[in-house]
Amino acid sequence: MTTSTRRPTGQSAAHKLGGMTVDLRPAQAADASGIGAMFARAFAYDTIASWVTPDIARRVRLLARLNTAIARDEGIPHGATYVAEDAGRIVGAAIWQPPKPGRVNWRSVPFALAAGNALGRDIPRMMMAGRAAAGARPRQRHWYLQLLGVDPDAQGTGVGSALVKAHLAMVDEDELVAYLETTVENLGFYGRLGFEVVGEIVIHPSAPREYSLMRSRRSVREGSPRP
Ligand SMILES: CC(C)(COP(=O)(O)OP(=O)(O)OC[C@H]1O[C@@H](n2cnc3c(N)ncnc32)[C@H](O)[C@@H]1OP(=O)(O)O)[C@@H](O)C(=O)NCCC(=O)NCCS
């Protein structure tokens with residue numbers, strides 16, 4: 001088994017999707033704020049984000065700051081982050097985290113500071129959500145789909161599926177499982193990409209339920225799930 005923390009290669013690929021010619025490519029440092037702004041639009045009415053920050057104007061503002069920090073400090077430099085671009089505009093992005101070596105990641109410190117600064121009074125609920133999600137992570141080595149979002153006006157045209165599939169090839173090369181958590185609205189979407197519900201995440205009695213989803217290991221040679 002080759003387990004890597006490789007980043008995506010510099011190659012990009014053009015896809016004809018819903019009347020757009022979408023370019024799928026690895027994200028660069030300069031993309032961080034564009035990714036953050038796009039995630040803010042994609043997650044504006046997300047049920048967990050709405051529970052953390054009920055006020056819509058404040059939520060969109062915080063989502064942009066928080067997700068810019070995630071892309072800049074956690075995604076682009078250390079993981080595998082992809083953007084989907086239509087005529088120079090970022091219409092979707094996916095941030096994957098590679099299998100962790102299990103040590104404290106000091107590189108997360110700038111992110112923690114930026115996040116705390118952005119969230120203010122919403123820190124307790126965000127920490128509850130973060131702790132619950134962290135506690136549900138599988139013990140086995142896995143690629144983690146930390147964030148996936150598509151601009152609302154580009155949703156339903158295949159951009160999200162293309163972004164996930166772009167990295168699943170690397171997950172399969174590593175012969176590892178892929179893992180994510182999501183809400184009930186997206187179970188059908190991820191089910192079609194081979195993910196199965198393996199658990200429920202209770203953040204708080206008043207919070208929407210989240211689900212742990214896993215995609216089993218595949219052998220590149222056989223193209224099928226492995227035991
Ligand atoms: C979830 C999300 C990432 C999916 O991205 P997307 O680009 O809309 O996904 P796709 O277009 O690949 O597939 C979505 C649906 O459109 C359908 N579809 C795909 N290609 C299509 C096309 N050319 N024409 C019409 N419909 C199409 C798919 O069958 C799928 O059906 P579903 O709604 O029953 O699941 C996106 O909706 C999103 O950003 N949502 C808000 C944020 C969020 O919840 N993120 C995930 C958190 S884990």
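**Hairpin E1–E2**

I looked up the turn between E1 and E2: two residues separate the strands of this hairpin, and Gly 18 has a positive phi near 50°. Helices (H or I, at least four residues) and strands (E, at least two) are taken as DSSP runs, numbered from the N terminus. The model is predicted: local features need pLDDT of at least 70, side-chain atom pairs count only at pLDDT 80 or more, and totals for chains, interfaces and linings use all residues. Residues are numbered from 1 along each chain as its sequence is written.

E1 and strand E2 (residues 20–26) run antiparallel and are joined by five bridges. I noted that Ala 13 has Leu 24 in E2 as its bridge partner. For burial I used the count of other C-beta atoms, placed from the backbone, within 10 Å of a residue's own: 20 or more is buried, 12 or fewer exposed, and in between partly exposed. E1 has five residues and the number buried is zero, so the strand lies largely in the open.

**Sheet**

I traced an open sheet of eight strands, mixed in pairing, with the order E1-E2-E3-E4-E5-E6-E8-E7. Pairing requires at least two DSSP bridges between two strands. From one strand to the next the twist averages 25°.

I then checked E5 and E6, which pair in the parallel sense over three bridges. Tyr 144 stands opposite Tyr 179 in E6. Helix H5 (residues 123–136) packs on the sheet and touches E6, E7 and strand E8 (210–215); the direction of H5 makes about 135° with that of E7. Axes are lines fitted to C-alpha atoms, for helices over the stretch in contact, and angles run from 0 to 180 degrees between N-to-C directions. Contact means C-beta atoms, placed from the backbone, within 7 Å.

**Helix H1**

In helix H1 (residues 32–42) I found Ala 32, Ile 35, Gly 36, Met 38, Phe 39, Ala 40 and Ala 42 buried. These buried residues pack against helix H3 (56–75), strand E3 (80–86), strand E4 (89–97) and E5.

I listed 19 residues around the ligand (C-beta atom, placed from the backbone, within 6 Å); Gln 155, Gly 158, Gly 160, Ser 161 and Thr 182 come nearest. Strand E5 (142–150), helix H6 (159–173), strand E6 (177–183) and helix H7 (187–192) each give two or more residues to this shell.

**Whole chain**

I counted seven helices and 10 strands in the chain. Of its 227 residues, 37% are buried.

Technical notes: Two residues are in contact if their C-beta atoms, placed from the backbone, lie within 7 Å.
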